[in-house]
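Please give a careful briefing on this structure for a reader who is new to it.

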Amino acid sequence: MSAAQYARLVPKKYRSRTLPKIDRPWRPRVIAWAGPAAFYPNRFYEIDKWYKARIDKPEKLPEMHVIDPANHMRSLSELMKKPEIDQIDIGFKKREEVVKAEKSAEDRVELERKSRHMQLKIDISSLASENLQVYRHFRVFDDLFGENVFFENVQKLDVAFQDHHLVHSGNILTAETTVIAPEVSIESVGKGKGFNTILMVNLDGNATEKRGELIHWLISNIPDGEGIQKGEEVMKYLQPLPFYGTGYHRVAFVLFRHQEKVDFKIGGGSSLEERVHSISDLYKSHESQLTPSAIRFFQTSYDKSVKTTLHSLGLKSPLYEYEYRQALKPAQREFPEKPQPFDLYLDMYRDPKEVEKEILEKRLAEVKLDHVEEPEWIDPNWVENKKTLPAWQHDRILERRDVGNAKYHNDL
């Protein structure tokens, strides 16, 4: 009953001196929480149950910090440090380094003068850049032969792809440069006696359920001092195949030394599954004959040449996506704690792929063409859109020239 109805129905002489508060109180239109007392007209007012049903106090999640009393004083490097275990050397004894004569004081002064005047030239090929720590960091030895295993580079191995792209220790090469088999040069250390075997293996390329690594090239029984053409090609060359979405793949060249010819007894690798073999098991089966003497590796990622090679093999190019953990989001409420436009609030609970698809479709629909000129006005139907469209939708139209210009007009 409203005050007007009360005055019309109740005679004047029976009315109270002050009109009773019989109307429902004013309903709040703001998104905020200041406690139930914020909606009381006075301290004698009774709580209305309608507010309790409509407005919830925002949930505060406590921040929990678990502290280990035994290790809280230790530094991060101490906590992450692994116990030292004696590593096993499965290769040859390291070569003795030639001690170079120490330069005199006059030579050092001359070198410093040339360095200051940008005249000092250094032959990079003559520098010793081999460092086993790089191979340990990328876990090359661990994934090839097992944990706590290593060997020294005692034989010179040069691998060069087309356009003089050399393989060093973890450098990055594009998959397109590896389409053609590389040129391999092996140092002669046996004075014409013995044999070499070169193995090219992708440590991250096995996409099958079979255990092992993907062998891309295997040439065995290369006579000492001869080229790889004199060896037996057990598996023909296949370029590295880092699938889309799998990141960088480690591709290693391992050189083995042996005195007699070795029969590996593995298939020719007509399919990718036949090329998958466990390198550690392969080495253990011929451990008495083979000894690793040199190693090189590089990293490569997906490009169009991978798709072309897979199609030539009669295979489809798979697409991999990383499954990220879902972002922590507060419970969806009618009145959220942080006031914000409702379209942005709802986008937070949508599938990210759906949002990216929507933005991509708008970019493709509005991509700049050479023969198309942009309209002079941002919104030619500004008056009509202002009346009919919601404010947030009209703002999106206007922002495409200012803040949102880069979102929709990026060069594709």
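A residue counts as buried under 20% relative accessible area, as exposed over 50%, and as partly exposed in between, with a 1.4 Å probe and protein chains only. This is a predicted model, in which local features need pLDDT of at least 70 and side-chain atom pairs count only at pLDDT 80 or more, while totals for chains, interfaces and linings use all residues. Residues are numbered from 1 along each chain as its sequence is written, and side-chain values use heavy atoms, with hydrogens and water left out. Helices (H or I, at least four residues) and strands (E, at least two) are DSSP runs, numbered from the N terminus, and two strands pair if DSSP finds at least two bridges between them.

- Strands β4, β3 and β6 form an open sheet in the order β4-β3-β6, with antiparallel pairing, and its edge strands are β4 (165-166) and β6 (183-186), each of which pairs on one side only.
- Two bridges join β3 (residues 157-161) to β4 in the antiparallel sense, and Phe161 has His165 in β4 as its bridge partner.
- His164 lies in the loop between β3 and β4, where it has a positive phi of about 60° although it is not a glycine.
- His164 counts as exposed because its relative accessibility is 74%.

**Strand β12 and its partners**

- Strand β12 (residues 291-300) is largely enclosed by the rest of the structure, because 10 of its 10 residues are buried.
- Strand β5 (residues 169-172) runs parallel to β12 and is joined to it by three bridges, with Ser169 opposite Phe297 in β12.
- Strand β10 (residues 249-258) pairs with β12 in the antiparallel sense over nine bridges, and Val251 stands opposite Phe298 in β12.

**The second largest pocket**

- On a 1 Å grid over the protein atoms alone, a pocket is an open set of points with protein on both sides within 12 Å along at least five of seven lines, and lining residues have an atom within 4 Å of a point.
- The second largest pocket has a volume of about 470 Å³, where a volume is the space filled by probe spheres set on the grid points, which are joined across faces, edges and corners.
- The second largest pocket is lined by 14 residues, of which Lys82, Gln87, Arg139, Asp142 and Asn148 lie nearest its centre.
- Arg139 lies in the loop between α5 and α6, has a positive phi near 55° although it is a residue other than glycine, and counts as partly exposed at 35% relative accessibility.

Definitions and conventions
On a 1 Å grid over the protein atoms alone, a cavity is a set of points where a 1.4 Å probe fits but cannot get out, and a pocket is an open set with protein on both sides within 12 Å along at least five of seven lines; lining residues have an atom within 4 Å of a point.
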